[in-house]
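Please keep the model open while reading.

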Amino acid sequence: MNPQLKGIESLPGTYVFDLQRSARALRLNRFLHGLTRPEKRALFKEDAESAFEQSGLDAGERRMVRELDWAALIRYGASFFCLEKLARVKGVSNPEMVAAFRGESLEDFLKTRNVPGAR
């Protein structure tokens, strides 16, 4: 472990994207990044289970994606940038996704921002 990260796990809401998480979530991140390709997006929209199977996602990864469990996905090691691909396909805004990371409703999250009318 990087000595600069010692104790980082005690900071609420902090999920280190280190080599271990990156390796564990590699299949998932490849699947999510693949959503930038029209044919992968279309397959996911039409038949998510076939898309999961094609990408070799395990049952836990499939559940997180199926349920859009943003907090579980980020803790697991999904890259924020790859999660944005999933959010776009599912019509979820960045503020909605970040609110879910924090375990808040969108309305409560937006109260912490200084952007009137943001969604």
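E49 is partly exposed, because its relative accessibility is 35%; that class lies between buried, under 20% relative accessible area, and exposed, over 50%, using a 1.4 Å probe and protein chains only. The model is predicted: local features need pLDDT of at least 70, side-chain atom pairs count only at pLDDT 80 or more, and totals for chains, interfaces and linings use all residues. Residues are numbered from 1 along each chain as its sequence is written, and side-chain values use heavy atoms, with hydrogens and water left out.

## Salt bridges

Side chains of opposite charge can pair when their charged atoms come close. Here a salt bridge is a side-chain nitrogen of Lys or Arg within 4 Å of a carboxyl oxygen of Asp or Glu. The count by this rule is 10 salt bridges. Three of them are tabulated below.

| Pair | Closest N and O atoms |
|---|---|
| E49 and R66 | 2.9 Å |
| D58 and R27 | 3.4 Å |
| R62 and E49 | 3.8 Å |

R62 sits in helix α5 and E49 in helix α4, so their bridge ties together parts 13 residues apart in sequence. Helices here are DSSP runs (H or I, at least four residues), numbered from the N terminus.

E49 also bridges to R66, at 2.9 Å between the closest N and O atoms. R66 counts as partly exposed because its relative accessibility is 45%. Which residues are linked in a network of salt bridges? They are E49, E53, R62 and R66.

Another bridge joins D58 to R27, with 3.4 Å between the closest N and O atoms. This pair links distant parts of the chain: D58 is in the loop between α4 and α5, R27 is in helix α2 (residues 26-34), and they are 31 residues apart. D58 is partly exposed, at 33% relative accessibility. R27 is partly exposed too, with a relative accessible area of 36%.

## R62

R62 belongs to helix α5, which spans residues 59-66. Is R62 buried or exposed? R62 is buried, because its relative accessibility is 15%. The R62 side chain makes a polar contact with the side chain of E53 at 2.9 Å. A polar contact is a pair of N or O atoms within 3.5 Å; within protein, one must be able to donate a hydrogen and the other to accept it, and residues adjacent in sequence count only if both atoms are side-chain atoms.

Setting aside neighbours within four places in sequence, R62 is in contact (heavy atoms within 4.5 Å) with E49, F52, E53 and L57.

## The cavity

Rolling a probe the size of a water molecule over the atoms shows where empty space is left. On a 1 Å grid over the protein atoms alone, a cavity is a set of points where a 1.4 Å probe fits but cannot get out; lining residues have an atom within 4 Å of a point. The whole structure holds 1 cavity of 30 Å³ or more. About 50 Å³ of space lies in the largest cavity.

Its lining consists of F31, L35, K40, L43, A51, Q54 and S55. Helices α3 (38-46) and α4 (48-55) each supply at least two lining residues. The largest share, 3 residues, comes from α4.

Key. On a 1 Å grid over the protein atoms alone, a cavity is a set of points where a 1.4 Å probe fits but cannot get out, and a pocket is an open set with protein on both sides within 12 Å along at least five of seven lines; lining residues have an atom within 4 Å of a point. Grid points are joined across faces, edges and corners, and a volume is the space filled by probe spheres set on the points.
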